[in-house]
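Open your viewer and get your selection tool ready. We will go from stop to stop, and at each one you will hear what to select and what to look for.

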Amino acid sequence: MNFFTDMIKAKKNIANKIDLSDSMNIAFGIDAHFALGMGVLMSSIIKNNPSATIAFHVFTDRLISDDISHLAALGRAHKNIAIYIYYINNNKFTAFPTLFTWSKAIYYRFIICRELSTVSKRCLYLDSDILCLNSLENLFKADFKNAIALVVPDHDGMTEYARRNFNFNGEKYFNSGVMLIDIRRWNEANISEQAVTLLQNKNNFKFYDQDVLNLLLVNKVLFLPVCYNTIYHLADMKNNVTSDTIFLHYSGSVKPWQRWGQFHQLTSLWHKYQKSSPWANVPVQEARTYKQAKFMARTMKRTGNYSGWLQWSTLYIIWRIRDKTIKAVQE
């Protein structure tokens, strides 16, 4: 049986009816934990593209009722947008590799082009830890020149990593968090099917879905300027955003909606967009696991708060011992 058979359990539009063939079609693959980031990203896109007709396509295994209500509120406030939710059969991805920072949702992007093939020629895939800071009009008018996707190079170290670790011979390694995709060419090249096969064979990929896409799309992408995917690591305490930045990508394991991400530059920019969105009153995520306590300890140390560093380092040790003890008892 085809891997993608019976992948979508349900589909619904919770906003307005628009002409999808004449819209900006923008897709996300998330689990429930990233709905807040996605919602704020949607709000930032609408804010900076007020006259555009936009169809948002959300591929997910689950959303909590509050987030569904917030999405519906976004649709009521903006009559030029549609919001489609595609509920995924998550059991399909049981054998696929994950980390504590990456759930099975990283693989939902492989479903998008199959589902949108009859409604649009191109689709913009976005990770949900991004902000839109400028217009997308020029991006959606871009010439593909026979490429399958328009992407932005990752930092040079990632190209070196790919050459060392798997058979990558492309010009540059790209970050898959922002991809404008030619849907027909993607499907004709069987990118999703090939990606699933590579991942099921448990090859030695460190960045899973992104590594696979870089391998499959060698010489089949066009590179966009860095302003279309300005990667910002909150843990680096740097600011590399310029006035022409289109997408600010909060890459890495620290996010602006987490307590341990509140002490860094540009977190306030994310909160600015949050406050003007239906998610305005959603509180930041508190540290509740030993891994999150470790992030808090690192943040305290970087900001010179050594009493906070000691407090969270102690909690990290206590919580880790607690979890190991519970696991040992259960086994």
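**Before you start**

This is a predicted model, in which local features need pLDDT of at least 70, side-chain atom pairs count only at pLDDT 80 or more, and totals for chains, interfaces and linings use all residues. Residues are numbered from 1 along each chain as its sequence is written, and side-chain values use heavy atoms, with hydrogens and water left out.

**Stop 1: an open sheet**

Select strands S6 (130-132), S11 (247-249) and S10 (230-231). Helices (H or I, at least four residues) and strands (E, at least two) are DSSP runs, numbered from the N terminus. These 3 strands make an open sheet in the order S6-S11-S10, with mixed pairing. S6 and S10 are the edge strands, as each pairs on one side only; two strands pair if DSSP finds at least two bridges between them. S6 and S11 run antiparallel and are joined by 3 bridges. Now pick Cys132: opposite stands Phe247 in S11.

**Stop 2: Thr230 in S10**

Stay with the sheet and select Thr230, which is found in S10. Is Thr230 buried or exposed? Thr230 is buried, with a relative accessible area of 5% (buried means under 20%, exposed over 50%, partly exposed in between, using a 1.4 Å probe and protein chains only). A polar atom of its side chain lies 3.1 Å from the backbone oxygen of Val226. Leaving aside neighbours within four places in sequence, the contacts of Thr230 (heavy atoms within 4.5 Å) include Phe247, Leu248 and His249.

**Stop 3: helix H9**

Select residues 267-275, which form H9. Thr267, Leu269, Trp270, His271, Tyr273 and Gln274 are buried there. Show H1 (35-48), S6 and S11 as well: they are among the elements that cover these buried residues.

**Stop 4: Ser176 in S8**

Move to strand S8 (residues 174-182), where Ser176 is found. Ser176 is buried, at 2% relative accessible area. Which side chain is joined to that of Ser176 by a polar contact of 3.0 Å? The partner is Arg109. A polar contact is a pair of N or O atoms within 3.5 Å; within protein, one must be able to donate a hydrogen and the other to accept it, and residues adjacent in sequence count only if both atoms are side-chain atoms.

**Stop 5: salt bridges**

The whole structure holds 9 salt bridges, each a side-chain nitrogen of Lys or Arg within 4 Å of a carboxyl oxygen of Asp or Glu.

- Asp129 and Lys255: their closest N and O atoms are 2.5 Å apart. The pair links distant parts of the chain, 126 residues apart. Asp129 is buried at 7%, and Lys255 is buried at 7%.
- Arg184 and Glu188: the closest N and O atoms are 3.0 Å apart. Because these residues are 4 apart in helix H6 (residues 183-188), about one helical turn separates them. Arg184 is partly exposed at 46%, whereas Glu188 is exposed at 56%.
- Glu286 and Arg259: the closest N and O atoms are 2.6 Å apart. Glu286 lies in the loop between H9 and H10 and Arg259 in the loop between S11 and H9, so the pair ties together parts that are 27 residues apart in sequence.

**Stop 6: a surface patch**

Finish with Tyr306, Trp309 and Leu310, which make a nonpolar surface patch of about 330 Å². Patches are made of residues with over 30% relative accessible area and no salt bridge: like charges are joined within 9 Å, nonpolar side chains (Val, Leu, Ile, Met, Phe, Trp, Tyr) within 5 Å. Accessible areas come from the Shrake-Rupley method with a 1.4 Å probe, and for residues only the protein chains shown count as cover. Leu310 has its place in helix H11 (residues 306-330).
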